[in-house]
Amino acid sequence: RDSFLHRYQFEGPTFQCYSGVPEKYIPDVPVHRSFENVKNFVFVGTLIKRKYPAEIVPALVRAYGGDEFNLSYIGKGSEATNVKKYAQRFCVQDRVHLLGYIPRDEVVNQLQTNDVFVMISRNEAFGLVYLEAMAQGLITIAARKEGFDGIIENGKNGFLCEAGNIDELADLITQIRKMEPEKLQEISKNAIETAKWLTDKNAAKMYIDTVESCINKS
């Protein structure tokens, strides 16, 4: 919204129409994570440049050094080549896993086996996959000043990083590694509550209520 208003100098009334995550993707009993040893990371999306999937590899290498981590990619795209190049350059081929396309319903099972979801895209309109990750209680990292900024409040229900910035992402992951497990559990709980607020049904109701309010005012 802010980008649109700035670009087109629009001065009329605005409201935000959120997308929502299907209720079936929100578990009745959240997956319990101890966050004692945060090491499993996942990216879900098309592997294209503006989503910066390859940049996650060097960021993790800097944050973990010789310590163990695992990074899984769900999705296909041309940037898979650069992911492989980075993995080879840093000798972490055994820690980086390109899983390819997985049906949406099965993605949820993959999310449950991970600790942190990372996608620091540029020009991202919204991204339901962030909500799906939050619904599973993952620590979620999105891009600052992009479509999910505002849904994620940095340090409260997830984290924000400059789109494509390897150094900032590495520092942020290092910060997460050093956080007390209880603090990460609190952030995870807040993420789940955010996802519950933004189900597709609730988002639709907010949209209808806002439109009705605008009609009544006019």
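Predicted model: local features only at pLDDT ≥ 70, side-chain atom pairs only at ≥ 80, totals over all residues.
**Helix H5 against helix H7**

Helix H5, which covers residues 128-135, and helix H7, which covers residues 181-197, have axes that come within 7 Å of each other and cross at roughly 125°. Because angles over 145 degrees count as roughly antiparallel and those from 65 to 115 as roughly perpendicular, H5 is described as oblique to H7. The crossing in which H5 passes H7 is left-handed. On the H5 side the contact is made by Leu-131, Met-134 and Ala-135, while H7 contributes Ala-191, Ile-192, Thr-194 and Ala-195. When these contact residues are divided by class, 6 are nonpolar, 1 is polar and none is charged.

**Helix H2 against helix H6**

In the other pair, helix H2 (residues 56-64) packs with helix H6 (residues 166-178) at an angle of about 45°, and their axes are 8 Å apart. That angle makes H2 oblique to H6, and the crossing of these two helices is right-handed. From H2, the residues that make the contact are Ile-56, Pro-58, Ala-59, Leu-60, Arg-62, Ala-63 and Tyr-64, and from H6 they are Ile-166, Asp-167, Leu-169, Ala-170, Ile-173, Thr-174 and Arg-177. The contact of H2 with H6 has 10 nonpolar, 1 polar and 3 charged residues.

| Helix pair | Axis separation | Angle |
|---|---|---|
| H5 and H7 | within 7 Å | roughly 125° |
| H2 and H6 | 8 Å | about 45° |

Rolling a probe the size of a water molecule over the atoms shows where empty space is left. The largest pocket holds about 760 Å³ of space, and among the 22 residues that line this pocket, those closest to its centre are Arg-1, Asp-2, Ala-125, Glu-146 and Gly-147. Its lining is made up of 8 nonpolar, 6 polar and 8 charged residues.

The second largest pocket has a volume of about 220 Å³, and its lining consists of 14 residues, of which Val-44, Arg-104, Val-107, Val-129 and Glu-132 lie nearest the centre. Helix H4, which spans 104-111, and helix H5 are the elements that give two or more residues to this lining, and H5 gives the most, with 3 residues. By class, the lining of the second largest pocket divides into 9 nonpolar, 2 polar and 3 charged residues.

Notes
Residues numbered from 1 in each chain as written. Heavy atoms only, no water. Axes fitted to C-alpha atoms, helices over the stretch in contact; angles between N-to-C directions. Helix = DSSP H or I, 4+ residues; strand = E, 2+ residues; numbered from the N terminus. Parallel < 35°, antiparallel > 145°, perpendicular 65-115°, else oblique. Left-handed = near helix turned anticlockwise from the far one by under 90°. Contact = heavy atoms within 4.5 Å. Nonpolar A, V, L, I, M, F, W, Y, C, P; charged D, E, K, R; others polar. 1 Å grid on protein atoms, 1.4 Å probe; cavity = no way out; pocket = protein on both sides within 12 Å on 5 of 7 lines; lining within 4 Å. Points joined across faces, edges and corners; volume = space filled by probe spheres on them.
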